[in-house]
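Thanks for passing this one along for a second look.

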Amino acid sequence: MRRIRRPSPSLVVACLALAIALSGSAVAASVALAPNSVGTPQLRNNAVTTAKVRNGSLLRADFKRNQIPAGPAGPAGEAGPAGPAGPAGPSDAYSRFLAGPIAIPGIATTIVNLTIPQAGKYVISSKAIISGAAAASALCRIVAGTDQDDSLGNGIQMTLSNSLTHEFAAAGTVDFRCSTGGAQTVASIRIVAIRVANLTAG
């Protein structure tokens with residue numbers, strides 16, 4: 001009868017270690033995670049990398065403010081509707097009329113004037129009819145402060161027109177002055193001054 005040899009202690013230990021290792025892998029492979037059981041606490045820091053994120057799956061809301069640089073400016077939009085009209089500017093007007101006729105002196109003399117009751121910027125004009133001898137001439141001007149405008153009339157009857165702009169620092173007058181070298185009269189004199197918001201010199 002053949003005698004069976006008993007295994008050595010070292011062989012027994014090696015076999016037990018192999019059995020434990022194999023059973024552990026099988027158990028680990030058979031363990032399934034419950035749905036929705038992995039959350040933020042179960043993830044290690046820096047565990048999610050770009051390789052684990054599907055391209056195009058993140059939204060702007062997933063990033064902190066100012067973390068994503070702004071893109072290029074888009075094209076300009078259409079112009080909006082016009083806003084409401086602003087308040088009307090100052091537009092006071094003053095005028096004076098003198099029927100005449102009045103004989104024109106030989107030296108420059110104020111025939112009539114227009115009172116300007118308040119400071120401001122004004123557009124001023126005048127108009128008058130000159131009558132007299134054919135060979136005579138008359139010079140008429142309107143004067144406001146240091147500003148003036150002249151017109152010269154020759155002939156039996158002529159209409160003279162003058163215009164200027166002036167800024168009054170306070171109340172003042174516009175003067176209509178005439179002179180002649182002959183026997184002439186002036187009639188139908190009208191002076192008009194209109195206050196405006198702005199004066200632009202050309």
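**Notes on the model**

1. Asp 92 is partly exposed, with a relative accessible area of 29%; here buried means under 20% relative accessible area, exposed over 50%, and partly exposed in between (1.4 Å probe, protein chains only). Its salt-bridge partner is Arg 195, with the closest N and O atoms 2.5 Å apart. Asp 92 sits in the loop between α1 (9-30) and β1 (93-98) and Arg 195 in strand β9 (residues 184-196), so the pair ties together parts that are 103 residues apart in sequence. Arg 195 is buried, at a relative accessible area of 16%.

2. A word on conventions: this is a predicted model, where local features need pLDDT of at least 70 and side-chain atom pairs count only at pLDDT 80 or more, while totals for chains, interfaces and linings use all residues. Residues are numbered from 1 along each chain as its sequence is written, and side-chain values use heavy atoms, leaving out hydrogens and water.

3. Three salt bridges are present in the structure, each a side-chain nitrogen of Lys or Arg within 4 Å of a carboxyl oxygen of Asp or Glu. One of them joins Arg 141 to Asp 150 with closest N and O atoms 2.7 Å apart, and Asp 150 is partly exposed at 35% relative accessible area. Another links Asp 175 and Arg 177, where the closest N and O atoms are 3.4 Å apart. Asp 175 is buried at 12%, whereas Arg 177 is partly exposed at 28%.

4. Do have a look at the one disulfide, defined as a pair of cysteine sulfur atoms within 2.5 Å. The sulfur atoms of Cys 140 and Cys 178 are 2.1 Å apart. Cys 140 belongs to strand β5 (residues 137-144) and Cys 178 to strand β8 (residues 172-180), so the link ties together parts 38 residues apart in sequence. The link is right-handed, with 110 degrees about the S-S bond, and both cysteines are buried.

5. Along the sequence the pattern reads α-β-β-β-β-β-β-β-β-β. Of contacts (heavy atoms within 4.5 Å) with a separation of 6 or more, 74% are between residues 24 or more positions apart.

6. Finally, Ser 179 lies in strand β8 and is buried, with a relative accessible area of 16%. Beyond its neighbours within four places in sequence, Ser 179 has contacts including Ile 104, Pro 105 and Leu 139.

Notes. Helix = DSSP H or I, 4+ residues; strand = E, 2+ residues; numbered from the N terminus.
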